[in-house]
Amino acid sequence: MREHNAKVQEKVQHFKCFIHNMRNLHKHLRSACIKQTKGMDRLLYCKKLATAIRTRVRLELTRLRKLLRGDELYLARARETVTNVLDCFSGSHDRCKHKSVFCTAHLKGHSTRYLPYGKIVVLSAADKQQLQKVLDKYCGVQQLRDTVQLHNTNRCENMHSRLFSYASKSMVWKRSFTALCYSATLGASVGRGLSLLQFAERCGINIEASDPMYRYAMFTQNIARYHSDRKQKHEYKTSRYLSHRKRE
Ligand SMILES: [Zn+2]
Ligand SMILES: [Zn+2]
């Protein structure tokens, strides 16, 4: 897909997995070991701090995503949030009102339980800079854009494999590539049946409700919905969890 990209110079977005990005963030925060820990076990403290930061970033981003539908709005707010986390953890909440959707410092029952040992984080300028650098690397503008849908691995890989099988490299013709990608992505986001109808409409084909094609499309859509609903059910998740547990 990349080779094609270079030739046609069209922007194809490659989604990255949000979970993995957060995991990498955590790993690097942990190893960006800070110096000032005042008599506490340094490694343990760094680990706790990394976990606290990762949790906060994840919660902020997922909630922001729910609040803001538009990608650009979300991206702007997400960047602000990421630059504010360390200040908030150090106890200066001046900008939290605008930059955080999770800080509870303004509430009466505010507790610092989420911080390592429940204590406000004291960082030297150098330590803070080091941590912020890691945050910027994994939650910079480009990284946030790559994970803008906050997809987990399954959905990411699903989307990629879908794209590759619909528009595989060997059979791609320049002219149809965009259409194939479009159709595949649309199919993944609104469902196969509906995407077929929308796609037909875009192409100027008029499908009436009595057409067999319309009926077929709605049938596919309903079947797909049944399966995806089933996957959301608790029993299904539990049984999958149990059958997958040993392998991990
Ligand atoms: Zn991943
Ligand atoms: Zn705050």
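**View 1. Helices α2 and α6 are roughly antiparallel to each other.** The model is predicted. α2 spans residues 18-31, and α6 spans residues 125-138. The two helices pack at an angle of about 160°. An angle over 145° counts as roughly antiparallel, so the pair falls in that class. Their axes lie 10 Å apart.

**View 2. α2 passes α6 in a right-handed crossing.** From α2, the contact is made by N21, N24, L25, H28 and L29. From α6, the partners are L131, V134, L135 and Y138.

**View 3. Four protein donors hold the zinc ion (ligand 2).** They are C88 (SG), H93 (ND1), C96 (SG) and C103 (SG). Their distances from the zinc ion run from 2.0 to 2.3 Å. Along the chain, the donors follow the spacing C-x4-H-x2-C-x6-C.

**View 4. The arrangement around the zinc ion (ligand 2) is tetrahedral.** The 4 donor atoms subtend angles of 105 to 118°. Four donors count as tetrahedral if all angles lie between 85 and 135 degrees, so this site qualifies. The ideal angle for four tetrahedral donors is 109.5 degrees.

**View 5. Donors H93 and C103 of the zinc ion (ligand 2).** H93 sits in the loop between α4 (71-89) and α5 (96-99). C103 sits in the loop between α5 and α6. The pair therefore ties together parts that are 10 residues apart in sequence. H93 is partly exposed, with a relative accessible area of 24%. C103 is buried, at 7%.

How values were computed. Residues are numbered from 1 along each chain as its sequence is written. Chains are lettered from A and ligands numbered from 1 in the order in which they are written. This is a predicted model: local features need pLDDT of at least 70, side-chain atom pairs count only at pLDDT 80 or more; totals for chains, interfaces and linings use all residues. Side-chain values use heavy atoms; hydrogens and water are left out. Donors are N, O and S atoms within 2.8 Å of the metal (3.2 Å for Na, K and Ca); water is not among the atoms, so sites may look incomplete. Four donors count as tetrahedral if all angles lie between 85 and 135 degrees; four count as square planar and six as octahedral if opposite donors are over 155 degrees apart and all others between 65 and 115; anything else is irregular. Helices (H or I, at least four residues) and strands (E, at least two) are DSSP runs, numbered from the N terminus. Buried means under 20% relative accessible area, exposed over 50%, partly exposed in between (1.4 Å probe, protein chains only). Axes are lines fitted to C-alpha atoms, for helices over the stretch in contact, and angles run from 0 to 180 degrees between N-to-C directions. Angles under 35 degrees count as roughly parallel, over 145 as roughly antiparallel, 65 to 115 as roughly perpendicular and the rest as oblique. A crossing is left-handed if the near helix is turned anticlockwise from the far one by less than a right angle, and right-handed if clockwise. Contact means heavy atoms within 4.5 Å.
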